[in-house]
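User: I would like to learn how to read a model like this one, feature by feature. Could you walk me through it?

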Amino acid sequence: NSKASSAEVVAAGVKRVESMVREKDFVMWPDSNYAPWNKEVSLYASHFLIAADKSGVKVSLTAKNKVMGFLSKWAVSTNDNISAYALHTLAIAGKSDKDRMFRLYDGKEKLSLLSRARLARAFVEIGDRARAKTLLANASSPSSVKEASFLLMALLELDPDDNRVLPLVQYLQNKRDRIKYCWGTTEENAHALL
């Protein structure tokens with residue numbers, strides 16, 4: 001009875017998420033056919049598959065193509081949170097939509113902290129560190145584990161010595177249940193680990 005290697009566990013996770021890709025969106029379970037109530041779930045699943053693919057884990061061409069189609073459609077959403085996350089993940093995939101990124105950047109004053117952090121990561125991916133810095137220049141204190149996680153990732157990519165990095169790590173540690181060694185929800189656990 002041998003334990004599975006971490007590579008096998010990751011590959012199995014990728015296959016599981018791939019099994020939830022449909023024509024127009026993800027589904028919540030492999031044997032269902034309805035999309036999640038919250039687009040954020042599908043965006044997170046897309047992010048997972050793109051990040052896995054970028055790190056060298058085999059993702060099926062069919063799943064990749066569908067995910068890229070979803071992301072391209074969601075990037076032009078009128079919901080800035082959806083658009084910013086889609087643009088972030090497209091940039092990670094090396095398929096940035098610069099036109100839409102610049103349009104969203106032009107309205108940066110109305111973007112949430114979460115959207116600014118995601119968009120900043122997209123700008124870092126295309127080498128535009130100046131816009132990324134501007135998006136994060138007045139980043140306020142996070143109000144959630146998700147915000148703290150994306151802000152921390154953006155700052156680490158932009159400037160690991162930024163004086164906001166350690167307080168963000170401390171924020172995440174303080175949000176963790178000290179007895180159970182986890183955060184409050186599956187989503188919080190995933191973002192904190194990310």
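Analyst: Gladly, and let us start with rings. Rings of Phe, Tyr and Trp (its six-membered ring) pair if their centres lie within 6.5 Å; planes under 30 degrees apart count as stacked, over 60 as edge-to-face and the rest as tilted. Here, ring pairs join F26, F70 and W74 in a cluster. Bear in mind that this is a predicted model, where local features need pLDDT of at least 70, side-chain atom pairs count only at pLDDT 80 or more, and totals for chains, interfaces and linings use all residues. Residues are numbered from 1 along each chain as its sequence is written, and side-chain values use heavy atoms, with hydrogens and water left out.

User: How many aromatic pairs does a search of the whole structure find?

Analyst: The search finds 5 aromatic pairs. One of them is Y105 with F123: the ring centres are 5.6 Å apart and the planes stand at 70°, so this pair is edge-to-face. The pair links distant parts of the chain, with Y105 in helix α5 and F123 in helix α6 (residues 113–125), 18 residues apart. Helices here are DSSP runs (H or I, at least four residues), numbered from the N terminus.

User: Are Y105 and F123 buried or exposed?

Analyst: Buried means under 20% relative accessible area, exposed over 50%, and partly exposed in between (1.4 Å probe, protein chains only). Y105, with a relative accessible area of 10%, is buried, and F123 is buried too, at 0%.

User: How do I read a helix, say α3?

Analyst: Begin with its span, for which the expected value is 1.5 Å times one less than the number of residues. Helix α3 (residues 61–75) has 15 residues and reaches 21 Å from its first C-alpha to its last, close to the 21 Å expected. Next, look at burial: A63, V67, M68, F70, L71, W74 and A75 are buried in α3. Seen down the axis of α3, these buried residues fall within an arc of 160° (taken from the directions from the helix axis to the C-beta atoms), so they line one face of the helix. The face turned away from that buried side carries the exposed residues L61 and T62.

User: What covers the buried residues of α3?

Analyst: The cover includes α1 (6–18), α2 (39–54), α4 (80–92) and α5 (98–106).

User: And how should I think about the core?

Analyst: In soluble globular proteins, nonpolar side chains tend to be buried together. A nonpolar core is a set of buried Ala, Val, Leu, Ile, Met, Phe, Trp, Tyr and Cys residues joined through side-chain atoms within 4.5 Å. The largest one here has 58 residues, and F26, L49, L71, L119, L136 and L151 have the most contacts inside it. Helix α8 (residues 145–158) gives the most to this core, with 9 residues.

User: Which residues is L49 in contact with, leaving aside its neighbours within four places in sequence?

Analyst: Contact means heavy atoms within 4.5 Å. On that basis L49 is in contact with V14, V17, E18, V21, F26, V59 and V67.

Technical notes:
Helices (H or I, at least four residues) and strands (E, at least two) are DSSP runs, numbered from the N terminus.
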